[in-house]
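Hi,

Here is the structure we talked about. Please open it alongside this email; my notes follow below.

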Amino acid sequence: MSVILRIGILFFSLLALFARADAPLLWNQKAVAANCPSTPDQQWVEYAGGQACMRYFSAGDLQNAPVVVVVFSGDRETFIKRAPQNIPANTATAQRKQAQKLARKTTLPVVIVARPGTYGSSGNHYRRRQPEEFNALNATLDSLRARYHMQQFILTGHSGGATAASALLTLGRRDIRCAILTSGAWDLLNRAEALRRARGEKSDANKDVTGLAAPYDPLYHLDGIPADSQRLIVVIGNLLDSNTPFELQVKFARALREKGHRVMLVESPAYPPEYHNLQGNPGIRYVNRCAKQ
């Protein structure tokens, strides 16, 4: 094979890779193993009762890393009905750039794990906070450990992503160094009723805001969290949060303390009018603190 031909093949291979990285990611798609080849940001996972094609986007050296930051985004239900090309940051390139930004701030390897149904991961985001969502995420962490031989995770998440991170704590994992949970949703049925009252909607006491019954609520599965005197759980929120009421975040933190876990409860400034999105990304400060302990 001539040198010119080899250069041409390499050029078009790189062009194809770039095109895939910039292609819009699909949402709410079914899990099909044949459509899920193993790549540096994609892995087929199986768990009790299900299977999934999970996407994740990383920055930094994951191989044999002693500590890796794992990020779960908040709920994205308003994006589901949009065309993929109209969803913000909905490409592998954009997601990797976000991971790179966080890696620079924390000086640690970072993996953004796409929750089921979002940013290319298979699944149905309308069914968030059901057991299958958290089981798929748990299997993804197992897959990452097996692939890269990493040792410990610092879990971070905002809003529904904080709920997801806390759910993984309750599934018995012993590799979580810290969990940094901002504006998380807990006591899900009571939260849903509070939001319905605030909106003047009728009561539906047995259903989450998703309209589904029996959500997996980490608040009521705390017995699944292994004892670990070194692990730190940080719950950060704002007193005026109208989306995930701060009083329920306090309830979650107190319940953790009662179970003997090491917990910090932090009140932080947030943006009006919902006071749900916190100013200045305070979770980063606690990620850095955790990494040094």
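**Threonine 210 and its surroundings**

Start with threonine 210. Beyond its neighbours within four places in sequence, threonine 210 is in contact with Tyr126, Arg128 and Arg129. Please keep in mind that this is a predicted model.

Where does threonine 210 lie? It sits in the loop that runs between helix H5 (188-199) and strand S7 (232-237). Its side chain also reaches a backbone atom: the nitrogen of leucine 212, at 3.2 Å.

**The protein as a whole**

Now the wider view. The protein has seven helices and eight strands. Along the principal axes, its C-alpha atoms fill a box of roughly 70 × 45 × 40 Å.

The radius of gyration is 20 Å. A compact globule of 293 residues would have a value near 19 Å, so the protein agrees with that expectation.

Of the 293 residues, 51% are buried. The protein exposes about 14,100 Å². Carbon and sulfur atoms supply 54% of that area.

Best wishes

Note on methods: Residues numbered from 1 in each chain as written. Predicted model: local features only at pLDDT ≥ 70, side-chain atom pairs only at ≥ 80, totals over all residues. Heavy atoms only, no water. Helix = DSSP H or I, 4+ residues; strand = E, 2+ residues; numbered from the N terminus. Rg over C-alpha atoms; globule rule 2.2 N^0.38 Å. Buried < 20%, exposed > 50% of the residue type's maximum accessible area, 1.4 Å probe, protein only. Areas by Shrake-Rupley, 256 points an atom, 1.4 Å probe, with all protein chains shown as cover. Polar contact = N/O pair within 3.5 Å; in protein donor to acceptor, adjacent residues only side chain to side chain. Contact = heavy atoms within 4.5 Å.
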